[in-house]
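Trainee: Could you take me through this model feature by feature, giving the general idea before the particular case?

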Amino acid sequence: MTADTNELQGAGVVVTGAGGGIGAALARRFAAEGARVVVNDLDPERTKAVAEEIGGVPVPGDASAVVAEAREALGGTVDVWCANAGLSSPGDAFADEDVWAAAWDVNVMAHVRAARALLPEWLERGRGRFVSTVSAAGLLTMIGAAPYSVSKHGAYAFAEWLSLTYRHRGLKVHAICPQGVRTDMLTAAGSAGELVLAPTAIEPEDVADALLDAVHADRFLVLPHPEVAGYYRNRSADPERWLDTMNRVQQTWETGTRENGARTDGKISWRERVPLTENDH
């Protein structure tokens with residue numbers, strides 16, 4: 001089953017974390033499709049700038065608490081909610097409790113709170129669309145970022161649960177799982193991001209294109225990096241080999257940081273240091 005290609009014309013769309021990066025690209029793309037877009041971000045100035053650029057409505061604030069205001073700004077109805085606001089949280093098992101709590105709150109619970117507020121209306125009318133910006137880390141993992149990896153697995157699990165629970169009642173769910181995207185979050189990932197993500201990083205607009213393709217096809221899993229599908233299959237089919245390979249990536253990263261206090265030369269990708277085969281990630 002495919003979505004009506006005119007479905008987004010006049011639709012009420014909310015994009016959280018839309019002051020830049022993937023969120024801003026999503027807001028621009030939905031506006032170009034003819035949707036009425038609410039732009040949300042913690043930064044009021046960035047929120048206003050993107051909203052003015054696309055003819056949208058700025059609703060700054062915490063993504064967990066703006067459903068009512070966003071709904072009012074759209075005249076009472078939200079058709080599409082893009083739970084895009086995210087927190088890049090590097091650290092290991094010894095990261096502070098507040099780092100773990102913040103990652104879980106922003107990357108998972110903000111999605112849960114939005115769904116709680118939106119589902120009653122969507123289920124009553126038999127229609128609604130929930131977009132979760134997850135990450136390939138939600139399907140795989142990310143070295144050097146335990147809170148991020150764990151919370152993104154949670155975000156993916158919640159999106160999956162929403163889809164399997166409510167799809168027969170008209171709810172459409174999309175989980176966007178890119179690898180590296182050229183945004184502030186990639187920069188925040190530091191040397192680990194430079195090693196693993198930067199070599200194949202794409203533009204935020206590529207992510208928006210992938211989502212719109214999935215919307216028109218009513219496809220749950222959105223993979224702006226198509227190769228992630230193969231990595232995901234390999235992880236499931238042979239977890240020991242996948243873990244061994246990822247551990248070699250971890251060791252490469254540790255060696256680089258020990259030798260230089262940061263990433264090594266910034267030119268050699270992890271794909272060159274740890275070659276991939278069809279069955280190796």
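Mentor: Let us begin with a crossover, which counts as right-handed if, with the strands pointing away from the viewer, the path from the first strand over the helix to the second runs clockwise. Here strand 4, helix 4 and strand 5 form a β-α-β unit of the right-handed kind, where helices (H or I, at least four residues) and strands (E, at least two) are DSSP runs numbered from the N terminus. Please keep in mind that this is a predicted model, in which local features need pLDDT of at least 70 and side-chain atom pairs count only at pLDDT 80 or more, while totals for chains, interfaces and linings use all residues. Residues are numbered from 1 along each chain as its sequence is written, and side-chain values use heavy atoms, with hydrogens and water left out.

Trainee: How many bridges join strand 4 to strand 5, and in which sense do the two strands run?

Mentor: Two strands are taken to pair if DSSP finds at least two bridges between them. Strand 4 and strand 5 are joined by 4 bridges and run parallel; valine 80 has arginine 129 as its bridge partner in strand 5, and cysteine 82 has valine 131. On its other pairing, strand 4 is joined to strand 1 by 3 bridges, again in parallel, with valine 15 standing opposite cysteine 82.

Trainee: Which way do the side chains of strand 4 point?

Mentor: Val80 and Cys82 point one way, Trp81 and Ala83 point the other way, and all of them are buried, a word that stands for under 20% relative accessible area, with exposed meaning over 50% and partly exposed in between (1.4 Å probe, protein chains only).

Trainee: What is the strand order of the sheet as a whole?

Mentor: The 7 strands make an open sheet in the order 3-2-1-4-5-6-7, with parallel pairing. Strand 3 (57-58) and strand 7 are at the edges with a single partner strand each, so one side of each has no neighbour in the sheet.

Trainee: Why is strand 6 described as largely enclosed by the rest of the structure?

Mentor: Of the 6 residues of strand 6 (residues 171-176), 5 are buried, and therefore the strand is largely enclosed by the rest of the structure. Between strand 5 (residues 128-133) and strand 6 there are 6 bridges in the parallel sense, and serine 132 stands opposite alanine 175. The chain passes from strand 5 through helix 5 (residues 146-166) to strand 6 in a right-handed β-α-β crossover. Strand 6 also pairs in parallel with strand 7 (residues 221-222) over 2 bridges, where alanine 175 stands opposite leucine 221.

Trainee: Which residues have the most contacts inside the largest nonpolar core?

Mentor: A nonpolar core is a set of buried Ala, Val, Leu, Ile, Met, Phe, Trp, Tyr and Cys residues joined through side-chain atoms within 4.5 Å. The largest here has 45 residues, and Trp81, Phe130 and Leu162 have the most contacts inside it. Helix 4 gives this core its largest share, 8 residues. Leucine 162 touches, among others, Ala115, Leu119, Phe130 and Val173. A second, separate core of 31 residues includes Leu26, Phe30, Val39 and Ala210.

How values were computed: Contact means heavy atoms within 4.5 Å. Lists of a residue's contacts leave out its neighbours within four places in sequence.
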